[in-house]
Amino acid sequence: MPCGMTTHEIEQLATLVKDRIRIEKGEYLFRLGQKAEAIYSIRTGSIKTQLDNHQNHKQITGFFLPGEVLGLDALSNDTYLSNAIALEDTEVCVMKNHNLDQISRHVPILQNQIRQLLNSEISRSHQLLLCLGSLKAEQRIATFLLDFSGRFAHLGYSSHEFNLRMNREDIGNFLGLTLETTSRILSKFQKEGFIAIQQKTVRILNRDALKDIVNTAH
C-alpha cells in the first residue's frame, strides 16, 4: 500500500489505520458472501483466497503477501467474493470501508493507490486465466515462480530467494495441476539447476531458463 507515498503520507496512514487483527494458520479472515466491512493489508504472514462449491470442490484464486491488500473485490457489491484463509500465523491492518473517505481526505494519494491496486488485481486475474487456458504445465510453474519473484522484489524483498508458505497441493490447485505434476516439475527444475528448494525456501538460480520456458511455444 505505501508504494509511491512520501514518508509523511505513510506516517499519516499509520496514524489513521490503527486496528489490527491476528489470525492463526488455517483460520478465516473473511468468508464468501460475508458482508464486506473492511479491506485488509497484510502486515506479517500470508493468506490464500479460494472458492468452494456445493460439491466441496475448492479452487484457490490467489495468494497474498506482506504489504499486499485483499478484500478490494468486495468494494463493488459490499460482500466478499471469496474465502480468505491464513497460510501461517498472520497479522493484518484493517481499513474500515466507512472510514476510507475520511482517511483519503487526510491522505489524498490513497484513492489513487486503491485504483492502482484494483487495476493490479484485474490484471492478475487476467494473467491467471491466460495461464490456465493456454500454457503447458511447465510454463505454468515457471510463470508462477517468476510472478512471485517479481512480487517479492516489488515489496522490497529479495527476488532471488524467498519463502513460499503454501504447499505444493495449493500451488497445483491454483495452477490447475495435480499435486503429482506440480511436484514432478519442481523436482525437474531443481535437477536442471533452474531453482533450489529447501523446505519452504526457493532460490532462483537461472531466471533466463525459466523465462525461456514461459516463452517457448509447444
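A salt bridge here is a side-chain nitrogen of Lys or Arg within 4 Å of a carboxyl oxygen of Asp or Glu. With that in hand, look for Arg20, Arg22, Arg43 and Glu91, which a network of salt bridges links together. Keep in mind that the model is a predicted one. By the same rule, the count comes to 9 salt bridges.

Four strands, or 4 in the order 1-8-3-6, make up an open sheet with antiparallel pairing. Its edges are strand 1 (20-23) and strand 6, each of which pairs on one side only. Further in, strand 3 (residues 38-44) runs antiparallel to strand 8, and the two pair over 6 bridges. Find Thr44 and you'll see Glu91 of strand 8 standing opposite; Glu91 is also a member of the salt-bridge network.

Now for the pairs that reach across the chain. Start with Glu68 and Arg151, whose side chains meet in a salt bridge at 2.7 Å, N to O. Glu68 sits in the loop between strand 5 (58-64) and strand 6 (69-70), while Arg151 belongs to helix 4 (residues 137-154), so this pair ties together parts that are 83 residues apart in sequence. Are these two residues buried or exposed? Both Glu68 and Arg151 are buried.

Next come Arg165 and Glu88, with a salt bridge of 3.2 Å between their side chains, N to O. This time both partners are in loops: Arg165 in the one between strand 9 (161-163) and helix 5 (168-175), Glu88 in the one between strand 7 (83-86) and strand 8 (90-96), so the link joins parts 77 residues apart in sequence. Arg165 has a relative accessible area of 36% and is partly exposed. Glu88 comes in at 19%, and because the cut-off for buried is under 20%, Glu88 counts as buried.

Then there's Asp52 with Lys58, a salt bridge whose closest N and O atoms are 3.7 Å apart. Asp52 is partly exposed at 26% relative accessibility, and Lys58 is partly exposed too, at 35%.

Finally, go back to helix 4, where you'll find Ser149. At 1% relative accessibility, Ser149 is buried. What does Ser149 touch, leaving out residues up to four places away in sequence? Its contacts are Ser159, Phe162 and Arg207.

Definitions and conventions: Residues numbered from 1 in each chain as written. Predicted model: local features only at pLDDT ≥ 70, side-chain atom pairs only at ≥ 80, totals over all residues. Heavy atoms only, no water. Buried < 20%, exposed > 50% of the residue type's maximum accessible area, 1.4 Å probe, protein only. Contact = heavy atoms within 4.5 Å. Pairing = 2+ DSSP bridges.
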